[in-house]
Amino acid sequence: MVAGTLCRQLARRGECVLAMDVDTMPGLGLSLGLGEDCARLPAGLAERVEGKGWQVKPGFRPSNVVDRHARRGPDGVEFLALGKLPDHVEPAISVAFRYVLEHFRRPGWSVVGDLAAGTRQPMFGWANFARTVIVVADPSAKSLLTARRLLRAGVATHLLANKVRDDADVAAIREAVSLPLLGAVPYDADVAEAERSGNAPIDVAPECRAVRAINAVAGRLVTEVR
C-alpha cells in the first residue's frame, strides 16, 4: 500500500515512475489501481550459458524492455512484476527482471521497488539498486525485530513509521530503529476498507489521513532526500 501510493503521488508531482513489484506475492498492482494482472517479462530475454549460469541475452537494453513490456497504470506509472508464486518465476524471468531493476537508469525517472516483507530479499541484494531504501515498520514486536535486523545489516537508509495510532507508537518505532524518519502513516480505517475491496486507497479515499501522510513523504523524497 505504501509503495503503490508513493508511486502515484510521485507521478502526480511530475515524476516519471517505474514501479517494480519484487515481492512474489500479489500486492503492488492492486495498490496502484491495476488489479491483479501482472506485467511480466517474457522468458526469452535471458539464457543459460555453459559454465556461467543464467545471463541476459546480448543486446539486452533495460529501457527497451520497459518500453515494450511494462504496463501503464493510473497517473502514468509504468509497472513491471517479477511474477507470483508458485508459478511464473522462471530463472530466465528472474534474471531479466533483476537486470532491469539494477540497470534501468533513464534520466528523469524514479524507480520504486516493492520488496517482500522481511529480511530475505534485502540480504540477497535486491535493494542494492536504490539510493534510498525505506524500512516500513509498524509498532508490532515482529516488525520492529525485522527493522532492527535490516539496520544491523546496513541495508536501510530511512525509516517510515506505519499503522501508528498515536505519538507513543511513533516514539516506540524511532527508539527501536535509529534511522532518519521520513514520516508517520497513521492507522486508517479507510485504507483498511480499500484493502479489503482490492482497490487502491488513493482512488477510493484520496483525502484520508494515510494517503495524505504518504503524499508528504513523496514531497520529502523529491525536495530533501534525493
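Helices here are DSSP runs of H or I with at least four residues, strands are runs of E with at least two, and both are numbered from the N terminus. You are looking at a predicted model, so to speak: local features need pLDDT of at least 70 and side-chain atom pairs count only at pLDDT 80 or more, while totals for chains, interfaces and linings use all residues. Residues are numbered from 1 along each chain as its sequence is written, and side-chain values use heavy atoms, leaving out hydrogens and water.

**Stop one: D23.** Select D23, which you will find in the loop between β1 (16-21) and α2 (28-32). Is D23 buried or exposed? D23 is buried, at a relative accessible area of 16%; buried means under 20%, exposed over 50% and partly exposed in between, with a 1.4 Å probe and protein chains only. Now show its contacts, meaning heavy atoms within 4.5 Å. Leaving aside residues up to four places away in sequence, D23 touches G83, K84, D114, L115, A116 and Q121.

**Stop two: the cavity.** On a 1 Å grid over the protein atoms alone, a cavity is a set of points where a 1.4 Å probe fits but cannot get out; a pocket is an open set with protein on both sides within 12 Å along at least five of seven lines, and lining residues have an atom within 4 Å of a point. Points are joined across faces, edges and corners, and a volume is the space filled by probe spheres set on them. The model has one cavity of 30 Å³ or more, and the largest cavity holds about 60 Å³. Select its lining: D21, P26, G27, G29, L30, G35, E36, D37, C38, F79 and K84.

Which order do the strands of the open three-stranded sheet take? The order is β7-β8-β9, with parallel pairing, where two strands pair if DSSP finds at least two bridges between them. β7 (134-137) and β9 (181-186) stand at the edges with a single partner strand each, so one side of each has no neighbour in the sheet. From one strand to the next, the twist averages 15°. Five bridges join β8 (residues 158-164) to β9; look for L159, whose bridge partner in β9 is L181.

**Last stop: α10.** Select residues 209-225, helix α10, which lies across β7, β8 and β9 and runs at about 170° to β9. Axes are lines fitted to C-alpha atoms, for helices over the stretch in contact, and angles run from 0 to 180 degrees between N-to-C directions.
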